[in-house]
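Welcome! Have a look at the sequence and the 3D view, and then we can walk through them together.

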Amino acid sequence: MSYRNQWPTNRLLSTAARLVEHAWNEDLASLGVTHAGVMALDVLQSEGSMTQAQLASQVRVQAQTMGKTLHRLEAHGHVTRSRNERDRRSHVVAISLAGERVLADAARLEQNLLGESRDSDEQFRDRLVEIIAAHGGARWRREVEDGRSRSHGAATADRGAGALAEGH
């Protein structure tokens, strides 16, 4: 019997997530993007253009972390940034055509990462969504308006969370 069979579920989940992210980042490197970049591109594609602060909130990372991710994405032509007409101090970020193409390529890589789906995968996915909702909500409870973050009772909500999206 493997010693991992005795690990608590949270340790198994954390270890599995870290290993999958490392493997995925190795595959994504050929596309010039990281896991964090794919998350940002995915939000931009589904939600439309937004400020860096809004994007950081959606991806659940610090604005500084998102800034590093956006710098890499912009350098590869995957996003564009333009001055925010509502607030000249900030920029609006949008996915580019190159970003849409790399996101489609990344989706194919992601499908191959874990292999074929099984019926039990749907239950596992549902449980992961529940875990993310239960633990992500309290940590990332915030509203973003006009490019500024406003915390609701969680002044330390994003301290130390930058590693979540670093993946590089």
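Predicted model: local features only at pLDDT ≥ 70, side-chain atom pairs only at ≥ 80, totals over all residues.

Helices here are DSSP runs of H or I with at least four residues, numbered from the N terminus.

**The whole chain**

Let us step back for an overview. The protein chain has seven helices and five strands. Their order along the sequence is α-α-β-α-α-β-β-α-α-β-β-α. Of the 168 residues in the chain, 33% are buried. The accessible surface of the protein chain is about 11000 Å², and carbon and sulfur atoms hold 50% of that surface. Among contacts with a separation of 6 or more, 54% join residues 24 or more positions apart.

**Two helices that cross**

Now for a pair of helices. Two packed helices are described by the angle between their axes and the distance between the axes. Here the axes of H3 (residues 52–59) and H4 (residues 63–75) come within 9 Å and cross at roughly 105°. Angles of 65 to 115 degrees count as roughly perpendicular, and H3 and H4 are therefore roughly perpendicular to each other.

Which residues in H3 and H4 meet? From H3 come Gln52, Leu55, Ala56 and Val59, while H4 brings Ala63, Met66, Gly67 and Leu70. This contact of H3 with H4 involves six nonpolar residues, two polar ones and no charged ones.

Within H3, the buried residues are Ala53, Leu55, Ala56, Ser57 and Val59.

In soluble globular proteins, nonpolar side chains tend to be buried together. In this model, the largest nonpolar core has 22 residues, and Leu41, Leu55 and Met66 have the most contacts inside it. At least two residues of this core come from each of H1 (9–28), H2 (35–47), H3, H4, strand S3 (91–95) and H5 (97–113). Which helix gives the most to this core? It is H2, with five residues.

Leaving aside neighbours within four places in sequence, Leu55 is in contact with Ala40, Val43, Leu44, Met50, Met66 and Leu70.

Most residues other than glycine have a negative phi. Arg60 is not a glycine, yet its phi is positive, at about 70°.

Asn84 sits in another loop, between strand S2 (79–83) and S3. Not counting residues up to four places away in sequence, Asn84 touches Thr51, Ser90, His91 and Val92.

Ala104 belongs to helix H5. Ala104 and Val38 are 66 residues apart in sequence, and their C-alpha atoms are 9.8 Å apart in space.

| Residue | Relative accessibility | Class |
|---|---|---|
| Arg60 | 32% | partly exposed |
| Asn84 | 7% | buried |
| Ala104 | 33% | partly exposed |

The cut-off behind these classes is simple: buried means under 20% relative accessible area, exposed means over 50%, and partly exposed lies in between. Asn84, at 7%, therefore counts as buried, whereas Arg60, at 32%, counts as partly exposed.

Technical notes:
Residues numbered from 1 in each chain as written. Heavy atoms only, no water. Axes fitted to C-alpha atoms, helices over the stretch in contact; angles between N-to-C directions. Parallel < 35°, antiparallel > 145°, perpendicular 65-115°, else oblique. Contact = heavy atoms within 4.5 Å. Nonpolar A, V, L, I, M, F, W, Y, C, P; charged D, E, K, R; others polar. Core = buried A, V, L, I, M, F, W, Y, C linked by side-chain atoms within 4.5 Å. Buried < 20%, exposed > 50% of the residue type's maximum accessible area, 1.4 Å probe, protein only. Areas by Shrake-Rupley, 256 points an atom, 1.4 Å probe, with all protein chains shown as cover.
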